[in-house]
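Visitor: I have a model open and want to learn how to read its features. Could you take me through them one at a time?

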Amino acid sequence: MQQHSTSPPPTGVPVPQILRDWLQELRMCFTAPSWEHVLVLVMGAVLAPGKRTVSACLRMTGRAEAQNFSSCHQLLNRARWNTHAMARHLLSMVVNRLVPEGPVVIGMDDTIERRWGRRITARGIYRDPVRSSHGHFVKASGLRWLSFMVLTPVPWAGAVKALPVFPLLAPSPTFTGDADTSC
């Protein structure tokens, strides 16, 4: 049995052209500087074992010591893009490439992100589905995210995978402010 190395590639591995070509349809959703960071993060997410955090993605691409390390974090917490246009392009790509014939099955996941802070205003109180049971109700405070996924057989994985195409912030009904729903 062959062991796969989990050590990151050499420093600053360039993004392969095949990945650039495959994701080209999403290019119009980002600015030029953001696009390069998106490519690095996607490449790292494909390579990273375990949790796919920004730091893990950067380590796997050899950019853990890069001077612009924080730029990739800022892509997710400060950059703006049209999430609906992005979801539409992503859904089209997944369906056209992985489900060209047959029914398209959409799944949905409901997740509570436990975050605190004075700037996080869309937080609510929800039933915790993991710690609750039919007879025991456990409340959790946080942001409620709905994630819509295409359920598709992935030939090289030999299994059906849920490929997320549209995450959506679903604030509490008592929330009256303007929730920022960008990813």
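Visitor: Where is the place of S132?

Guide: Elements first: helices (H or I, at least four residues) and strands (E, at least two) are DSSP runs, numbered from the N terminus. S132 is in the loop between strand 2 and strand 3. This is a predicted model: local features need pLDDT of at least 70, side-chain atom pairs count only at pLDDT 80 or more, and totals for chains, interfaces and linings use all residues. Residues are numbered from 1 along each chain as its sequence is written, and side-chain values use heavy atoms, with hydrogens and water left out.

Visitor: Is S132 buried or exposed?

Guide: Buried means under 20% relative accessible area, exposed over 50%, and partly exposed in between (1.4 Å probe, protein chains only). S132 has a relative accessible area of 11%, so it is buried.

Visitor: Which backbone atoms lie by polar atoms of the S132 side chain?

Guide: A polar contact is a pair of N or O atoms within 3.5 Å; within protein, one must be able to donate a hydrogen and the other to accept it, and residues adjacent in sequence count only if both atoms are side-chain atoms. The backbone oxygen of D128 lies 2.7 Å from a polar atom of the S132 side chain. For the backbone nitrogen of V138, the distance is 2.9 Å.

Visitor: Which residues does S132 touch, not counting those up to four places away in sequence?

Guide: Contact means heavy atoms within 4.5 Å. With that exclusion, S132 touches R127, F137 and V138.

Visitor: D128 has come up. Which residues are linked with D128 in a network of salt bridges?

Guide: A salt bridge is a side-chain nitrogen of Lys or Arg within 4 Å of a carboxyl oxygen of Asp or Glu. The network links R114, D128 and R131. D128 meets R114 at 2.5 Å, N to O. D128 lies in the loop between strand 2 (124-127) and strand 3 (139-154), and R114 in the loop between strand 1 and strand 2, so the pair ties together parts 14 residues apart in sequence. The closest N and O atoms of D128 and R131 are 2.8 Å apart. D128 is buried, at 3% relative accessible area. R114 is partly exposed, at 45%.

Visitor: How many salt bridges does a search of the whole structure find?

Guide: The search finds 5. One of the salt bridges joins the side chains of E36 and R20 (3.0 Å, N to O). E36 lies in helix 2 (residues 32-47) and R20 in helix 1 (residues 17-22), so this pair ties together parts 16 residues apart in sequence. E36 is partly exposed, at 36% relative accessible area. R20 is partly exposed too, at 22%.

Visitor: Now the strands. In what sense do strand 1 and strand 3 pair?

Guide: Two strands pair if DSSP finds at least two bridges between them. Strand 1 and strand 3 pair in the antiparallel sense over 9 bridges. Here M108 stands opposite F148 in strand 3. Strand 2 and strand 3 are antiparallel over 4 bridges. R127 has K139 of strand 3 as its bridge partner.

Visitor: How many bridges join strand 3 and strand 4?

Guide: Strand 3 and strand 4 (residues 159-169) pair over 10 bridges, in the antiparallel sense. V150 stands opposite L163 in strand 4. Their hairpin has 4 residues between the strands, and G158 takes a positive phi near 70 degrees there.
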